[in-house]
Amino acid sequence: MNVVALIQARMGSTRLPGKVLSDLAGRTVLARVVRRTCRAKRVDRVVVATTAKPEDDPIIGECQRLDVNWFRGSEDDVLDRFCQAAAAFHADLVVRVTADCPLIDPQEIDRVVERFLAERPDYAANTLHRTFPRGLDTEAVAAAALERSSREAREPYERVHVTPYLYRHPELFRLLSVTHDQADCSGHRWTVDTVDDLALLRALFDRFDGDDAAPWQDVLAIFTAHPELADLNRHVRHKSLDEG
């Protein structure tokens, strides 16, 4: 089975434009995501899936610098972009990661993939029932299920957010929830949507001297020792599906 991780990236964020190329302790946010995703042992290929718009040319430049594969497709129909990228790289299983999650954890990617391979659902994710910090979001989708969802999904939010048609139709697709078996850590926010999110991530990477190999449990230990860090972005509200 060919497992392809597709990292969703674009420059046109509404709340923090250009965030994926923002500096994070000497590397871009995208570079952090790519480097950590590439450490996943159960992923055969990593591809950055961006848009065909000229505004996203800098992302291609960063992909070239990082020596990572890329694919360009629709800006608004991200579901189609993923399907086209999956076909271009002959994926049997697509792992969806977003480029605003610089603490994405390779071990958790592997865990989601391994659970998928063991139980063979259509869709497996650690987001169906949130127990992990926001920012470790990992979804694994069978290419055939992704293609079916692209044929059938009609609502704009289903096209923009890639996977809602899958997980909102359990009567059509077999779903598998991957959860953290020790504690509920879903109250932590480790993704980059705003300036305050970026400030938090910079504070965390500074504590690791710019090293991006730390497992998420080490990050959690920092929050346990320094709970005031969470105040940096505690007020940030995650956007709903219909907000894009």
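Guide: Start with Leu30. Apart from its neighbours within four places in sequence, Leu30 is in contact (heavy atoms within 4.5 Å) with Ile7, Ala9, Val20, Leu21, Val48, Ile59, Glu62 and Ala99. This is a predicted model, in which local features need pLDDT of at least 70 and side-chain atom pairs count only at pLDDT 80 or more, while totals for chains, interfaces and linings use all residues. Residues are numbered from 1 along each chain as its sequence is written, and side-chain values use heavy atoms, with hydrogens and water left out.

Leu30 is one of the buried residues of helix α1. Buried means under 20% relative accessible area, with exposed over 50% and partly exposed in between, for a 1.4 Å probe and protein chains only. Helices (H or I, at least four residues) and strands (E, at least two) are DSSP runs, numbered from the N terminus. Helix α1 covers residues 29–38, and eight of its 10 residues are buried, so the rest of the structure largely encloses α1. Among them are Val29, Ala31 and Val33, and also Arg32 and Arg36.

Strands pair if DSSP finds at least two bridges between them. Six bridges join β1 to strand β6 (residues 93–98), and the two run parallel. Five bridges join β1 to strand β4 (residues 45–51), again in parallel. Leu6 stands opposite Arg96 in β6 and opposite Val47 in β4.

Now the wider setting. A nonpolar core is a set of buried Ala, Val, Leu, Ile, Met, Phe, Trp, Tyr and Cys residues joined through side-chain atoms within 4.5 Å. The largest one has 54 residues, of which Ile7, Leu30, Val48, Ile59, Phe82, Ile109 and Leu146 touch the most other members. Helix α3 gives the most to this core, with six residues. A second, separate core has 21 residues, including Leu103, Trp190, Phe205 and Leu229.

Lastly, Phe82 in α3 and Leu146 in α5 are among the residues where these two helices meet.
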